[in-house]
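Please read the points with the sequence and the model at hand.

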Amino acid sequence: MTDRRFRFGLVTGQPGPASHWAGLARRAEDLGFDTLLVPDAAGVQASVPALAAVAASSSRLRIGTFVLAAPMHSPGRIAWETATLDQLSEGRFELGLGAGRGDAGGTAELLGVPFGSAGERVRQVGEAIQAVRKLFADGTFRPVQQPAPPIMVAGSGTRLLRLAAQEADIVAVHTSSEEELRERLPVLREAAGARFDELELSVNVFAIGDGPLPEWMRQFGIDPAAARDNTNPAVLTGDTATVVDTLRRRRDEFGVSYVTINAHALEAAIPVVEALAGN
């Protein structure tokens, strides 16, 4: 896993017309980002049509959901929309799935779907993966990438990470410290077994640099006052050289090679992506 090359994804939910998505796609592509990812949340534009606009405006950039909350979507629709986005992008789609945030009950009510316990929602992630692969294998839906587009599962809990290690291609690990990240690795290794080295490990970064952190990060479990000195994988601090060294060290120590970056940190990310993308 430490031999993997770095990949960088840009995560954005900023709403706008198709021209906004087209411009953002072209800029991300020009800057060397590998993927453009759109969240699945009621407060932003729906990810599937937004990603369709990105697909139409780019040629190299891969696209993905970050991440579809499986409890909010039927497995069949996830498979259908996955195949469609893979066709529209000519084989550049990556399906991101998760169990939904614990406070997403209001969104579920808005969509008219039940919002079960944490265990039930993890089970729904597994059911979605199984349905996608079955419906692709039997020819019901036909993606460009065969046998299926890459699947990312994002989460922090042990049950979801075990499922991710067993079923996904990419595992996005959410932790509040490097020590927690270190503790998750044996869980992933045990669950993945012989396929562990095939997994691509990812972390999501919300901020880069030493500037003040916005209070909205608290809703993602980040304490701005505590996220200093590169103790939290979601916040990269220091100058560009320090950030580059930190990411290299984490790849060597933890195997994390896929770094997704919130659009809030885009400008600060540019020299980092330039230094590491593809290396």
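The numbered points below cover the basis of the model, its strands, helices and cores, and then its salt bridges.

1. Basis of the note. The structure is a predicted model, in which local features need pLDDT of at least 70 and side-chain atom pairs count only at pLDDT 80 or more, while totals for chains, interfaces and linings use all residues. Residues are numbered from 1 along each chain as its sequence is written, and side-chain values use heavy atoms, with hydrogens and water left out.

2. Strand β6. Helices (H or I, at least four residues) and strands (E, at least two) are DSSP runs, numbered from the N terminus. Buried means under 20% relative accessible area, exposed means over 50%, and partly exposed lies in between, with a 1.4 Å probe and protein chains only. In strand β6 (residues 151–155), 5 of its 5 residues are buried. One side carries Ile-151, Val-153 and Gly-155, the other Met-152 and Ala-154, and both faces are covered. In a regular strand the side chains alternate between the two faces of the sheet.

3. Neighbours of β6. Two strands pair if DSSP finds at least two bridges between them. Strand β5 (residues 93–98) pairs with β6 in the parallel sense over 3 bridges, and Leu-97 stands opposite Val-153. The pairing of β6 with β7 is also parallel, over 4 bridges; here Gly-155 is opposite Val-173. Together, β6, α6 and β7 form a right-handed β-α-β unit (with the strands pointing away from the viewer, the path from the first strand over the helix to the second runs clockwise).

4. Nonpolar cores. A nonpolar core is a set of buried Ala, Val, Leu, Ile, Met, Phe, Trp, Tyr and Cys residues joined through side-chain atoms within 4.5 Å. The largest has 70 residues, and those touching the most other members are Phe-8, Phe-33, Leu-97, Val-125, Leu-188, Leu-247 and Ile-261. Helix α5 gives the most to this core, with 7 residues. Another core, of 9 residues, lies apart from it and includes Val-67, Met-152, Ala-154 and Tyr-258.

5. Surroundings of Ile-261. Which residues does Ile-261 touch, not counting residues up to four places away in sequence? Among them are Phe-8, Phe-33, Val-205, Ile-208 and Ala-269, where contact means heavy atoms within 4.5 Å.

6. Helix α2. In helix α2 (residues 47–56), Ser-47, Ala-50, Leu-51, Ala-53, Val-54 and Ala-55 are buried. These buried residues pack against α1 (18–31), β2 (35–38), β3, β4 (68–69), α3 and β5.

7. Arg-62 is placed in strand β3 (residues 62–65). Its side chain makes a polar contact of 2.6 Å with that of Glu-94 (a pair of N or O atoms within 3.5 Å; within protein, one must be able to donate a hydrogen and the other to accept it, and residues adjacent in sequence count only if both atoms are side-chain atoms). Asn-230 belongs to the loop between β9 (207–208) and β10 (235–236). Asn-230 is buried because its relative accessible area is 11%.

8. A salt bridge is a side-chain nitrogen of Lys or Arg within 4 Å of a carboxyl oxygen of Asp or Glu; the whole structure holds 18. Arg-77 and Glu-81 form one, with the closest N and O atoms 3.2 Å apart. Both lie in helix α3 (residues 75–88), 4 residues apart, about one turn of the helix. Arg-184 and Glu-180 form another, at 4.0 Å between the closest N and O atoms, and both belong to helix α7 (residues 178–192). Arg-184 is buried, at 17%, whereas Glu-180 is partly exposed, at 25% relative accessibility. Salt bridges that share partners join Glu-178, Glu-179, Arg-182, Arg-249, Arg-250 and Glu-253 into one network.

9. A salt bridge across the sequence. Asp-169 forms a salt bridge with Arg-133, the closest N and O atoms being 3.9 Å apart. Asp-169 is in the loop between α6 (158–167) and β7 (170–173) and Arg-133 in helix α5 (residues 118–137), so the pair ties together parts that are 36 residues apart in sequence. Asp-169 is partly exposed, with a relative accessible area of 30%, and Arg-133 is likewise partly exposed, at 30% relative accessibility.
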